[in-house]
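Please consider the sequence and the three-dimensional structure shown here together. The explanation that accompanies them is meant to be read with both in view.

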Amino acid sequence: MTGVRVLVGTRKGAFVLTSDGKRKKWNVSGPHFAGWEIYHLKGSPVDPNRLYASQSSGWFGQIIQRSQDGGKTWEQPGTAPGEPTATPEGMPKGESNKFVYDTSRKTGKPLTTHMWYDGTQHPWEFKRVWHLEPSLTDPDICYAGVEDAGLFRTSDGGKSWNELAGLRGHGTGPKWQPGAGGLCLHTILLDPKNAKRIYVAISAAGAFRTDDAGDTWKPINRGLHSAYIPDPHAETGHCVHHIAMHPSRPDVLFMQKHWDVMRSDDAGDTWREISGTLPSDFGFAIDVHAHEPETLYVVPIKSDSEHYPPEGKLRVYRSRSGGQDWEPLTKGLPQQDCYVNVLRDAMAVDTLDKCGVYFGTTGGQVYASADAGDNWTPIVRDLPAVQSVEVQTLS
Amino acid sequence: MKQGLIRVILPTHLRRLALVAGEVQIAVDGQITQRSVLDALEAQYPNLCGTIRDHGTKKRRPFVRFFACNQDLSLEPPDAPLPEAVKTGAEPYMVVGAIAGG
């Protein structure tokens, strides 16, 4: 019996929505971690019952939670209560909520400054985990994208985290500046055909790629044009909002930039615009149909100063031709007086036939389409503001 | 020298993380200071590491405050002795999320 599990991160907790393969009736569990901000939660492709969640608070900092049973129960994968937090030799044990930039001589990079909003330099400070990306092959390995921008990795199921410092120390760091949400590494794509290749995206630095499993990185922003930076074609400084990939074609990438929807057919080496007939090419979310690598979804947002749909009409736009030609998908979505936003990690697809498409809004609705976007229905509608949506197709 | 148990009141979110219901009681060795109480608290509840004080610097997180005996101890030196009533367990040491109201 197939089923679907939708993992929803909100401003005030996490929710797990489940349904059978028909995707008609939904069970809602939660809030998990009530009252905390849940930027993201995601399941392991290898072991779907292994989930990782990023729980954070402006008061109490960053917590990593892990579930072994598909989200029914959760634990912090650090030292158990009552156990000493240091070894007999005095070395601190790794705690699951400990994210420390690696400045060691052997594997680290010096902690530099980054550009602040006013152009001055600002200290690099850890704030929170934006995105968790479990490994494609090992449930104990997971990557974490953090603010201020950095990439961390655990290989012990989330108990300890180590920075892949080559990204932060790439050399252009002092030119990176925060987007409106902060200097955040929000997108991590693992190449299913090349275990050493990882793509990440940072607001507002741009997209980067490693071909050696994270030791060294190169900016992949050629072709991006950003009018809001001094050199619109600069190597870094672009506010990339999200990148999507179809697993069958990992060299083909689709990007929702601050403004502009972009496409690369050469693993990010070059980009070209595919905004075409969109009513606005500003937005956050972008995703690819599970079975049609040329079918894309975006949710146009009016502008960077008006974070809601154009004309108050919530419309998903679908391109069946890899971009340029877009059609509005409106059936079941509010077509008047709708002023919600859809954030960058708040859209996902299932792999059933027909492909299911899901997205969450800052108004607390999670909409689903069980027919690739033709018809939509809210599967839950009064949650706190939705920050992330991930989908697991269960067999 | 082993002292008596120190009573600590945690905010709701941290009680949930520590899996405790009411106030907690902490055995503290040596001088009873904010640092020694928080060290002992983190040793007893490792899940709280990093939530009250920064992992590396051990400085108080900006939106956390410390109260005891109707005093705000947030800006006091971490190695200053805590009030006698806290040492004897007559009064609790309180970890508070900053911002008093909505």
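This is a predicted model: local features need pLDDT of at least 70, side-chain atom pairs count only at pLDDT 80 or more; totals for chains, interfaces and linings use all residues.

Residues are numbered from 1 along each chain as its sequence is written, and chains are lettered from A and ligands numbered from 1 in the order in which they are written.

Chain B contains three helices and five strands; these elements are DSSP runs numbered from the N terminus, helices being H or I of at least four residues and strands E of at least two. Along the sequence, chain B has the pattern β-α-β-α-β-β-α-β. Its radius of gyration is 13 Å, close to the 13 Å given by the globule rule for 102 residues, so chain B is as compact as a globular protein of that length. The radius is taken over C-alpha atoms, and the rule is 2.2 Å times the number of residues to the power 0.38. Of the 102 residues of chain B, 32% count as buried. A residue is buried if 20 or more other C-beta atoms, placed from the backbone, lie within 10 Å of its own, exposed if 12 or fewer do, and partly exposed in between.

The contact between the chains takes 20 residues from chain A and 19 residues from chain B; two residues are in contact if their C-beta atoms, placed from the backbone, lie within 7 Å. On the side of chain A that touches chain B, seven residues are nonpolar, 10 polar and three charged. Here Ala, Val, Leu, Ile, Met, Phe, Trp, Tyr, Cys and Pro count as nonpolar, Asp, Glu, Lys and Arg as charged, and the others, Gly among them, as polar.

Within chain A, an open sheet of four strands is ordered E25-E26-E27-E28 with antiparallel pairing, where two strands pair if DSSP finds at least two bridges between them. Strands E25 (347–349) and E28 (377–380) of chain A form the edges, each with a single partner strand, so one side of each has no neighbour in the sheet. Three bridges join E27 (residues 366–369) of chain A to the antiparallel E28(A), and A:Tyr367 has A:Pro378 in E28(A) as its bridge partner. In the loop between E27 and E28 of chain A lies A:Ala372, whose phi is near 65°, a positive value in a residue other than glycine. A cis peptide bond with omega of about 10° joins A:Asp353 and A:Lys354, and A:Lys354 is found in the loop between E25 and strand E26 (357–360) of chain A.

A:Val366 and A:Ile243 have the most contacts inside the largest nonpolar core, which has 131 residues. Such a core is a set of buried Ala, Val, Leu, Ile, Met, Phe, Trp, Tyr and Cys residues joined through C-beta atoms within 7 Å. Leaving aside residues up to four places away in sequence, A:Val366 touches residues including A:Val6, A:Val8, A:Ile379 and A:Val389.

Strand E29 (residues 386–394) of chain A has seven of its nine residues buried, so E29 is largely enclosed by the rest of the structure. Strand E1 (residues 3–10) of chain A pairs with E29(A) in the antiparallel sense over eight bridges, with A:Gly3 opposite A:Leu394.
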